[in-house]
Amino acid sequence: MYFKRKAYDQLLDWKENYAGKYAVLLEGARRVGKSTVAERFAKSHYQSYILIDFSKASHEELSCFEDLNDLNMFFLRLQAVTGKDLYKDESVIIFDEVQLYPKARQAIKHLVKDGRYHYIETWKCAN
């Protein structure tokens, strides 16, 4: 419970002060609640969110990351594949288990710089 409460408080601080310039990374061991905290936070503090769990992402979800030269197309494809709408400054995209898909991790820099949406990453540490 302590991890969840502390992580949630840190996410509030991040959204208030840093989300426009930085993604946030929740890092921890397996099964400590990183994904749960990220999704609950997204549901409570954003108009919409997209969660991509790279441990079980579909081929269609992964294919969105093949060409990031046109971010308009990337976001359109992501919305079409997930069936979720994104709203500028009111949506967050969660990359769950991002360590499993390096292309997504590499894309974060460009996605954050674009500035339309906020980004939460979860990363499972080696035990």
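Reader: Where does Glu-66 lie?

Author: This is a predicted model, in which local features need pLDDT of at least 70, side-chain atom pairs count only at pLDDT 80 or more, and totals for chains, interfaces and linings use all residues. Residues are numbered from 1 along each chain as its sequence is written, and side-chain values use heavy atoms, with hydrogens and water left out. Helices (H or I, at least four residues) and strands (E, at least two) are DSSP runs, numbered from the N terminus. On that numbering, Glu-66 belongs to the loop between helix 3 (59–63) and helix 4.

Reader: Which residues is Glu-66 in contact with, leaving aside its neighbours within four places in sequence?

Author: Contact here means heavy atoms within 4.5 Å. Glu-66 and Lys-15 are 51 residues apart in sequence, and their C-alpha atoms are 28 Å apart in space. Once neighbours within four places in sequence are left aside, the residues in contact with Glu-66 are Tyr-101 and Lys-103.

Reader: What distance does helix 4 reach from its first C-alpha to its last?

Author: Helix 4 takes in residues 71–82, which is twelve residues. The expected span of a helix is 1.5 Å times one less than its number of residues, and for helix 4 this expectation is 16 Å. The model comes close to that value, with a reach of 16 Å.

Reader: Which residues of helix 4 are buried, and why are they on the same side?

Author: Buried means under 20% relative accessible area, exposed means over 50%, and partly exposed is in between (1.4 Å probe, protein chains only). An α-helix has 3.6 residues a turn, so residues three or four places apart point the same way. The buried residues of helix 4 are Leu-71, Phe-74, Phe-75, Leu-78 and Gln-79. They lie on the same side of helix 4 because the arc they cover around the axis, taken from the directions from the helix axis to the C-beta atoms, is only 125°.

Reader: At what angle do the axes of helix 4 and helix 5 cross?

Author: Axes are lines fitted to C-alpha atoms, for helices over the stretch in contact, and angles run from 0 to 180 degrees between N-to-C directions. The contact is made by Leu-71, Phe-74 and Phe-75 of helix 4 together with His-110, Leu-111 and Asp-114 of helix 5. The two axes come within 12 Å of each other, and helix 4 is roughly perpendicular to helix 5 (a term for angles of 65 to 115 degrees) because they cross at roughly 100°.

Reader: Is Asp-89 buried, exposed or partly exposed?

Author: Asp-89 is placed in the loop between helix 4 and strand 3, and its phi is positive, about 65°, although it is not a glycine. Its relative accessible area is 41%, so Asp-89 counts as partly exposed.

Reader: Which exposed residues does helix 2 carry on the face turned away from its buried side?

Author: In helix 2 (residues 34–45), the buried residues are Lys-34, Val-37, Ala-38, Phe-41 and Ala-42. They cover an arc of only 130° around the axis, which puts them on the same side of helix 2. The face turned away from that buried side carries the exposed residues Arg-40, Lys-43 and Ser-44.

Definitions and conventions: Parallel < 35°, antiparallel > 145°, perpendicular 65-115°, else oblique.
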